[in-house]
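Me: I have a model open and want to know what the labels on it rest on. Please set each value against its definition.

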Amino acid sequence: MKRRLLNALRKFKHVPGLNRVVKPVVKYKVNKTIDAVASHFFEHFSLVVASEEDDVKTCFKARHEVYCEELGFEEKTKSKMEFDEFDEYSLSCYIKHRATGECAGTIRLVMPQHAGQLLPIESSCPEAIRLAEHSPSKFPRHSICEVSRLAIPKRFRRRAADKQLSPIGGTPNHKDGQMDKQLNRNFPYLSLALYFFAATICILRDIDNGYMMMEPRLARSLKFLGVRFHQLGHEVNYHGKRAAFLISPEDFVSQVSPALQKFQRSILRELQDVPNFGAIYHPLPAVAVKKQSSKQRKAA
């Protein structure tokens, strides 16, 4: 009933004279939906900063499940964990399903501290950034990060609506999918929570500029919620057609609707109870170290 009412209001909102009445009603309905989603989220999920080795492994295993087994973007490993050289100076975090203890989604923040530590975008696809003034090299290393490796395991996309969502972006997989068409059913709260999780960490770590490689349609979907990323160049072939985007974490939070700002504040309250968010430098799990040593021997 609520969905039919919302759709009917949208049909009439362009009628002359009605827009001033209908627009606030639609906005109210959308914010009410977001409030309900946020309430549902904290009932069923909690936030984990991967400062312990077991938590880091949990993130790596979720990434392997999505990037290696489901999508085939990276090679499968015997350890069933996906990681790379950037994880040594990254902070991983994940959403924990309270009922099962499983990882419902993970995301990584690559946070370099000196000139020898590159962002993935600098290493893999520097051509995605058109203007030199937008290059990460123009900013102090400690003031930038790259948000990457967002992964949502398939078992947490089992609802009818979620089956149409990308496992690495949260956007609808069908070409004409728009979040504002079926917000009540298709609201990608897990992926959005991961982005807010990352943005909140950036704010608390005094990071000024966040880079992302993502599908332009994801940027368009987030724009509906008030988040405006700055596209830095044309699409490139990087795990599919993607483009480089830049945003200030503080802008990310301040641009969204009041309901989403309330959601972000709830995430902030949870994170404030986590001391130091782990170390910026932390050793990789033993299996990762062994794998890196093997690669170095072969290179030598």
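This is a predicted model: local features need pLDDT of at least 70, side-chain atom pairs count only at pLDDT 80 or more; totals for chains, interfaces and linings use all residues.

Reply: Residues are numbered from 1 along each chain as its sequence is written, and side-chain values use heavy atoms, with hydrogens and water left out.

Me: What is the mean pLDDT of the protein?

Reply: The mean is 77, and 68% of the residues reach 70 or more. pLDDT is the predictor's confidence in each residue, from 0 to 100.

Me: Where is confidence lowest, and where is it highest?

Reply: Confidence is lowest in helix α5 (residues 183–186), with a mean of 38, and highest in β3, with 96. Helices (H or I, at least four residues) and strands (E, at least two) are DSSP runs, numbered from the N terminus.

Me: Over which residues does pLDDT stay under 50?

Reply: Residues 159–165 do so, and the model gives them 21 contacts beyond four places in sequence. Residues 170–187 are also below 50, with 48 contacts beyond near neighbours in sequence. A contact means heavy atoms within 4.5 Å.

Me: What makes strand β3 mostly covered?

Reply: Eight of the eight residues in β3 (residues 103–110) are buried. Buried means under 20% relative accessible area, exposed over 50%, and partly exposed in between (1.4 Å probe, protein chains only).

Me: Why is K80 called partly exposed?

Reply: Its relative accessibility is 45%, so K80 counts as partly exposed. K80 is found in the loop between α3 (53–70) and β2, and has a positive phi near 60° although K80 is a residue other than glycine.

Me: Why is D206 called exposed?

Reply: D206 has a relative accessible area of 60%, and is therefore exposed. D206 lies in the loop between α6 (189–204) and β5 (209–214). Its phi is positive, about 60°, and D206 is not a glycine.

Me: How do you know that β2 and β3 pair?

Reply: Two strands pair if DSSP finds at least two bridges between them. Strand β2 (residues 90–97) is joined to β3 by seven bridges, so the two count as paired, and they run antiparallel. L91 stands opposite L109 in β3. The hairpin of β2 and β3 has five residues between the strands, and G101 there takes a positive phi near 80°.

Me: How many bridges link β3 and β4?

Reply: Four bridges link β3 to strand β4 (residues 144–151), in the antiparallel sense. V110 stands opposite E146 in β4.
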